[in-house]
Amino acid sequence: MLAIIGGSGLTRLSTLAIARSEVVPTPYGEASSALLFGQIGGRDAVFLARHGHGHGIPPHRINYRANLWALKERGATAVLAVATVGGIRGVLPGELLLPHQIIDYSHGREATFFDGGDGGVVHVDFTHPYSAALRVKCLAAAAAGGIALTDGGVYGAMSGPRLETVAEIDRMERDGATVVGMTGMPEAVLARELELPYAAIAVVVNHAAGRGDSAAAISMAGIASVLETAMERVRALLERVAPLI
Ligand code: HPA
């Protein structure tokens, strides 16, 4: 069953025909929201609002472990994450991008299920953080639906909740990051640790700090307007991806 983790602008999924909702207890505490089970594109799917249904949980307070654990526990076999990002290089607000690599700049988060003790010491392979098979399906769905989806990019995960300085974005650009967001890690690695294929649809909602029309500051009003129209395309894409899973 496909799991969809929705971020800012996608706390509800109108295309999901909801059959039931369930609060799943986990050894790691509470997930961000109840899991919503239903159908999308004619297939069973489960939806989780990463920031809570009321969008009250900031990126650094998200219980990523509980979220992934709850999804796995209730039968998810693949996870498609939707996350807003700022564009650092070669991408424009409004664009949908399917990253192929990650640089993790986040800190202070519970970032592993393998915390020693009885589980021993485990070093999970993370060479290719996103599932190749899931990425191919996203690209196929996008092509079939005539939805523009940029193939590949490096996602830089910052802790937030503040936005970045120009010097930080300059450094990320030198490192090779294409986009910057606040939730991509440890979400991706926790999925890997649970052996859940994971891919992310990054929704570029602004130029990163110091770039384009964010030269002086990042406009929240600008983000809101881009988000609204972009999420229509994300919903259409999800409807086409689900039957391919
Ligand atoms: N930086 C970090 N996270 C973001 C941004 C940004 O510019 N835009 C949307 N999420």
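Start at Gly86, where a backbone N or O atom lies 3.3 Å from a nitrogen atom of the ligand. The model is predicted.

Next select Thr84: a backbone N or O atom there is 3.4 Å from a ligand nitrogen atom. Then show the side chain of Glu164, which places an N or O atom 2.8 Å from a nitrogen atom of the ligand. The ligand taken alone exposes 260 Å², and the protein buries 93% of that. The space that the ligand takes is the largest pocket.

Now display the whole shell. Around the ligand are Thr84, Val85, Gly86, Leu163, Glu164, Val180, Gly181, Met182, Val205, Asn206 and Ile218. Six of these residues are nonpolar, four are polar and one is charged. Colour strands S5 (78-87), S10 (179-181) and S11, the elements that give two or more residues to the shell. S5 contributes the most, with three residues.

Most residues other than glycine have a negative phi, and most peptide bonds are trans.

Select Gly160 and Pro161: the peptide bond between them is cis, with omega near 0 degrees. Pro161 sits in the loop that runs between strand S9 (154-157) and helix H3 (166-175).

Move on to Met185 and Pro186, also joined by a cis peptide bond, here with omega about 10 degrees. Pro186 belongs to helix H4 (residues 184-193).

Finish at Glu195, in the loop between H4 and strand S11 (198-207). Phi of Glu195 is positive, near 60 degrees. Is Glu195 buried or exposed? Glu195 is exposed, with a relative accessible area of 70%.

Key
Residues numbered from 1 in each chain as written. Predicted model: local features only at pLDDT ≥ 70, side-chain atom pairs only at ≥ 80, totals over all residues. Heavy atoms only, no water. Helix = DSSP H or I, 4+ residues; strand = E, 2+ residues; numbered from the N terminus. Buried < 20%, exposed > 50% of the residue type's maximum accessible area, 1.4 Å probe, protein only. Near = heavy atom within 4 Å. Polar contact = N/O pair within 3.5 Å; in protein donor to acceptor, adjacent residues only side chain to side chain. Areas by Shrake-Rupley, 256 points an atom, 1.4 Å probe, with all protein chains shown as cover. 1 Å grid on protein atoms, 1.4 Å probe; cavity = no way out; pocket = protein on both sides within 12 Å on 5 of 7 lines; lining within 4 Å. Sits in = over half its atoms within 2 Å of the grid points. Nonpolar A, V, L, I, M, F, W, Y, C, P; charged D, E, K, R; others polar.
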